[in-house]
Amino acid sequence: MLNSSAAERNKQSILDVLKNFLDPYESGKVLEIASGTGQHVAHFAIHLPHIIWQPSDIDQSHLKR
């Protein structure tokens, strides 16, 4: 599993900003560009389960489970 200490440190701060733009009761889809380790999108999906999160990355090794 890939891990980034920077992603771990800032995932909550980014989520706090996203919550200002995403309606907590409206479903939707979000494409995350250059997901890297996937730590951000995994964190967001737990806290905003009404949103469908689609991670993406050009590096195929980042997309493996």
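**Entry 1: Pro49**

I started at Pro49, which is found in the loop between helix H2 and strand E2 (51–55). Helices (H or I, at least four residues) and strands (E, at least two) are DSSP runs, numbered from the N terminus. The model is a predicted one, where local features need pLDDT of at least 70 and side-chain atom pairs count only at pLDDT 80 or more, while totals for chains, interfaces and linings use all residues. Residues are numbered from 1 along each chain as its sequence is written, and side-chain values use heavy atoms, with hydrogens and water left out.

I looked up the accessibility of Pro49 and found 64% relative accessibility, which counts as exposed. The cut-offs are under 20% relative accessible area for buried, over 50% for exposed, and partly exposed in between (1.4 Å probe, protein chains only). I also noted Pro24, which is 25 residues from Pro49 in sequence and 9.3 Å away in space, C-alpha to C-alpha.

**Entry 2: H1 and H2**

I then took the helix pair. The axes of H1 (residues 5–18) and H2 (residues 39–47) come within 9 Å and cross at roughly 45 degrees. That makes H1 oblique to H2; angles under 35 degrees count as roughly parallel, over 145 as roughly antiparallel, 65 to 115 as roughly perpendicular and the rest as oblique. Axes here are lines fitted to C-alpha atoms, for helices over the stretch in contact, with angles running from 0 to 180 degrees between N-to-C directions.

I listed the contact residues, with contact meaning heavy atoms within 4.5 Å. H1 gives Ala7, Glu8, Asn10, Lys11, Gln12, Ile14, Leu15 and Leu18, and H2 gives Gln39, His40, His43, Phe44 and His47.

**Entry 3: the buried residues of H2**

I checked H2 for buried residues and found Gln39, His40, Val41, His43 and Phe44. The buried residues of H2 pack against H1, strand E1 (28–32) and E2.

His43 is in helix H2 and is buried, with a relative accessible area of 11%. Leaving aside neighbours within four places in sequence, I found His43 in contact with Lys11, Gln12 and Leu15.

**Entry 4: aromatic rings**

I looked for ring pairs last. Rings of Phe, Tyr and Trp (its six-membered ring) pair if their centres lie within 6.5 Å; planes under 30 degrees apart count as stacked, over 60 as edge-to-face and the rest as tilted. By this rule I count one aromatic pair. The rings of Phe44 and Trp53 have centres 5.5 Å apart and planes at 50 degrees, so I logged the pair as tilted. Phe44 is buried at 4% relative accessibility, and Trp53 is buried with a relative accessible area of 13%.
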